[in-house]
Amino acid sequence: MSENETVVNITVNGKPVQAEPGEWVIAAAERAGVYIPHFCYHPRMNSVGMCRMCIVDIDTGRGPALQPSCMVAVSEGMVVDTTSEQTRKAQDGVLEFLLLNHPLDCPVCDKGGECPLQDQTMAYGPGESRFVEEKRHFEKPIPVNDFVYLDRERCILCDRCTRFADEVAGDPLITFQDRGDQTQVNTFPELPFSSYFSGNTVQICPVGALTAVPYRFKARPWDLTEVESTYPNPMGDRVVVQASRDQVLRYQGVDSDAVNWGWLTDKDRFSFEATASELRLQTPLIRGTPLGRPDPGGSELVETTWRQALTQAADAIKAAVADKGPQSVAVLGGARLTNEDQYTWARLAKAVIGTDNVDAQLDDGLPADAVLGLPRATINRACTPGGTVILLAPDPKEEQGTLYLRLRHAVVNDGVQLIEITPRATGLSHLAAHGLHHRPGEAAAVAAALVGGDIDSGPDGDIGGVPSADVAAAAAALADRADQPITVILGRPSLAESADFTLDAVAELARFANLLNAGGRPGIAFLPALHRGNVLGALDMGLAPGLLPGRTTLADGGRSLAESWGSVPSAPGAGTRDILKAAAEGRIDVLILLGADPLGDFPNSEQAEEALSQVGTIIASDLFLNPSAGRAHVVFPAAGFAERRGTHTNLEGRVTVQRQIITPPGTARADWAIATELARQLGADFGLGSPEEVWEEIAAVAPSHRGLSIEAIDASDDGVVVADSSIAFTPPESSASAPPTDAYSLRLVSARRMYDRGTLVQHTGSLAGLAPAAVLSVNPYDFSRVGVETGTDVKVISNVGEMDMPVVADPGVPRGTAAFGYNHPDLDVRDLVDPNAAVTDLRIQTR
Amino acid sequence: MARLNANNLTVAQEILSRYPVPRSALIPLLHLAQEQDGYVAEDAMAHIAELVGVTPAEVMGTCSFYEMLKREPVGQYMVNICNGISCHLLGSSDLIHHAEATLGVRPGGTTDDGKITLEAVECIAACTEAPCLQVNYRYRNQVTADDFDQLVDDLRAGTAGVAPHGQLAKVRQHIGDDRRAGVSPPDGQGEPAWMARNPSDNGDGS
């Protein structure tokens, strides 16, 4: 052994290489620039030595011998030769074997041109085969799910897809079946590979055995152009966007060590179809007559010019400001835009119009101070071996798919202990060290007991519905590892209860964080898991009431920003809930919607409806005519992902670049340009001509981003994490309390599912049909009390509404609780939820 | 022909209790399913998946790996005639032809009465007794055509003394409650109770 335990010295092709202890030979060689051909080896999965392609001469002092380099760890003094005659002959032989049964249908295979088997046969393989017998035959592609076709004839049995399904996604629904020369990958009959992550198997398949339905026969790899970019989801997954003839055809995950490790969810991967949707907005629209003539009171939206649309929007804003003051203008949304877009809109709203009634979240997230005012974690910190993750958020598997994969890996492989404080079981519950599934609205009591160590159980020997012994065990486990990093994943676990409950729980954890972090330990940090693409960027760029770009408040940063901007609002404005309330009362004259759909998304649909019908002028900037944009008086067509340049901020505060590869449809423009033009109409010249210039201004005026150049962001593969924040978390003054439960009702939990009625999913052909049907899930104990067959329609009654839906038993739902998806396409849970009540109680009536 | 029946479910629970990790019971439970139906039905695989906590696809992966686990209905008696080299030299091909003519099926087929499935198999490791065959994995040695006819008659009459396909033993083994491992998670599990039964046994054979 070497004296220095951290380095193992080996020789690869005569060149000295310093490897890490325990590193596989193939990985060490690759880092040293020596590529060893392989099919089954994948750096993010366990080695299995399945394909034998990576066998090379390895000499550990007993003479060179052929060994699979993906299964042999480096050792001191090891000599590796990847170019020896023996190695070459072995590679040649392995390829001849792999090609025995592989069909020669490369001309009609999607993988042709980017196929490792093709490439390596060219580089290392035999020119011809001695195999004259019949190859094995299977039915040509069979669907394993809605996205993925499996061609078993092409499969070389590398075990990558099956390992991915088992090890990474945790959905082992495809396996090797049969044996010997009949071995094949397949699903269980009639049980598809229904994983949220199935598209990754297509990306890692080293042959054309797995192909993606949305990409099948669409392009040849050599026809594609590509750019590296950031997918606009809160994780900021790194992707390669590939396009041909000005059309996006594929997203591939990029292995970013800090973020997504190369994985993508199916929802994100296949959402490229929406960019080319026929329903994309192409030209500005204004109100007009059915015959297409402009008419401010018209019943239709008619096409118009940018000049006309901008003038009309500016006139409405001017009139509103002159009539009722700047506070009569409000801006909702913006979470789907780039940082540059958000900054420009924020400047327009706060400096030019002078209103602070700006909110990127539709009352379904958390206040900005809970996101920006707490110590911020990174994903890698959450995944630190031996650390603890406290999940106080909706199911990451449904909302942040790649975060789920990272956490799952950390819990399974790196000994991270997971403690859940959620109102129902999540996709990670079976891996959680402690699942504290509390009654809706009682998270704070559980959090207090967990970190306070004060296990004071209620009358039933429980805390918030969790047996106090469970909480005590979790508290002991947490205390046991208090010197390791603790990361809280923070979000809104249920939209059927007031956000105050979550904030109370956050307050408990934050208090503990202050105590713990003072002791020189890694302490507690928070990772905000909010909904909507660039919502973290929106908060950083000041698209929230009382906030200014650069994580500062009107009170703190207002004076210094006023020097650059000219002016800032004097007093904090209202959030979405109050904006819509004011609108319903006729106090908002102009409502600007930035990709926001309050009718579809705001938890109180009735109030959204009332608000939209009262507002004088609605201005929408959007990709699609969503229900709210359809009510607008002026609609600007906006450029979407891959159609504009900019930067994105993920849940860590990590800023990465997004690049453009196609032109926007019609005359659609990037939002920063729309905001700049509108400002010009209002008499303000921003002097901004490109997203880079916008970023320059952000780096000049936003305190947390000061001096951060676009070149610095671009230069790093993983972007730059912005850590500074001058915002402090303000704990709620008084804690909310949930009313006592009664024996007849079930308390509702409602959270989003991955496939929903959202704009993106519904405009992506491959995804639109996947949203699950609405069902009410209750604990088997409660289900037996209802006394119906599983899946029977029952009448569900709350104090504000009732609806019919099937009821099923689900052991993941605690007793006394009922769970119902927030965003089903068929049934709208908002019809049951009283938005002003702390919690929602339901009764079930059989018919 | 489906999921495990109530009786077998009790047996399955006992089998599960023998293993600290439930999925270790997968193959014994597949045998149990085969004993119940004569083959392993898809519904049974799904049921076993529930019992041991894996996906049906994983059960299928294991089940399809093993030749003795049949995934299609077979006859009450599997007659496997060896076609290995010793048996071949001593006339197993003739025996197989004779069997085909007698039973009216090709290897792999099942007689119309559902009694007998004929299979030609590779060496079954009884070369000294060639030509040999197995009936539900019980050996018959140095089999002649007459022996075969007699065997078929006995099987059809139910007098051959061979248990139906799927039944592995005449007496089911039971273990005492104190020897059950109990179901515990794979990591950090305690020792099964029986390990500590004999304090003098320190595990090194002494």
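Which residue of β27(A) is the bridge partner of A:Val329? The partner is A:Val590, and the pair belongs to a predicted model, in which local features need pLDDT of at least 70, side-chain atom pairs count only at pLDDT 80 or more, and totals for chains, interfaces and linings use all residues. Residues are numbered from 1 along each chain as its sequence is written, while chains are lettered from A and ligands numbered from 1 in the order in which they are written.

The predictor assigns the complex an ipTM of 0.90 and a pTM of 0.93. For chain B the mean pLDDT (the predictor's confidence in each residue, from 0 to 100) is 87, with 86% of its residues at 70 or more. Residues 201–206 of chain B have a pLDDT below 50, and beyond near neighbours in sequence this stretch has zero contacts in the model; two residues are in contact if their C-beta atoms, placed from the backbone, lie within 7 Å. Where pLDDT is low, the predicted coordinates should not be read in detail.

Domain bounds here come from an automatic or database domain assignment. Chain A is assigned domain 1 (8–98), domain 2 (285–365 + 535–645 + 667–707), domain 3 (369–528) and domain 4 (746–845). The centres of domain 1 and domain 2 of chain A, taken over C-alpha atoms, are separated by 57 Å. Chain B is divided into domain 1 (1–72) and domain 2 (77–157), whose C-alpha centres lie 29 Å apart.

The strands and helices below are DSSP runs numbered from the N terminus, helices being H or I of at least four residues and strands E of at least two. Two strands pair if DSSP finds at least two bridges between them. Strand β1 (residues 8–12) of chain A has a covered face made of A:Val8, A:Ile10 and A:Val12, whereas A:Asn9 and A:Thr11 form an uncovered one. β1(A) pairs in the antiparallel sense with strand β2 (residues 15–19) of chain A over five bridges, and A:Asn9 stands opposite A:Gln18 in β2(A). The two strands form a hairpin with two residues between them, and A:Asn13 in the turn has a positive phi of about 50°. β1(A) also pairs with strand β5 (residues 79–81) of chain A, in the parallel sense over two bridges; there A:Val12 stands opposite A:Val80.

The opening residue pair lies between strand β16 (residues 329–333) of chain A and β27(A), which pair in the parallel sense over five bridges. A residue is buried if 20 or more other C-beta atoms lie within 10 Å of its own, exposed if 12 or fewer, and partly exposed in between, with C-beta atoms placed from the backbone. Because five of the five residues of strand β27 (residues 590–594) of chain A are buried, the strand is largely enclosed by the rest of the structure. A:Val590, A:Ile592 and A:Leu594 point one way from β27(A), and A:Leu591 and A:Leu593 point the other way. Five bridges also join β27(A) to strand β28 (residues 617–622) of chain A, and these two strands run parallel. Within β28(A), A:Ser621 is the bridge partner of A:Leu594.

A:Leu599 lies in helix α20 (residues 598–601) of chain A. This residue is partly exposed, with 18 other C-beta atoms within 10 Å. Leaving aside neighbours within four places in sequence, A:Leu599 is in contact with residues including A:Ala608, A:Leu612 and A:Ser628. The C-alpha atoms of A:Leu599 and A:Ser628 are separated by 5.7 Å, although the residues are 29 apart along the chain.

Another sheet of chain A is open and has five strands in the order β20-β19-β18-β23-β24, with parallel pairing. β20 (434–437) and β24 (524–528) of chain A stand at the edges with a single partner strand each, so one side of each is left without a neighbour in the sheet. The twist averages 15° from one strand to the next. Within this sheet, five bridges join β18 (residues 388–392) to β23 (residues 486–490) of chain A, and A:Val389 stands opposite A:Thr487 in β23(A).

The contact between the chains takes nine residues from chain B and 12 residues from chain A. On the side of chain B that touches chain A, helix α4 (residues 56–65) of chain B gives the most, with seven residues.

Notes: Axes fitted to C-alpha atoms, helices over the stretch in contact; angles between N-to-C directions.
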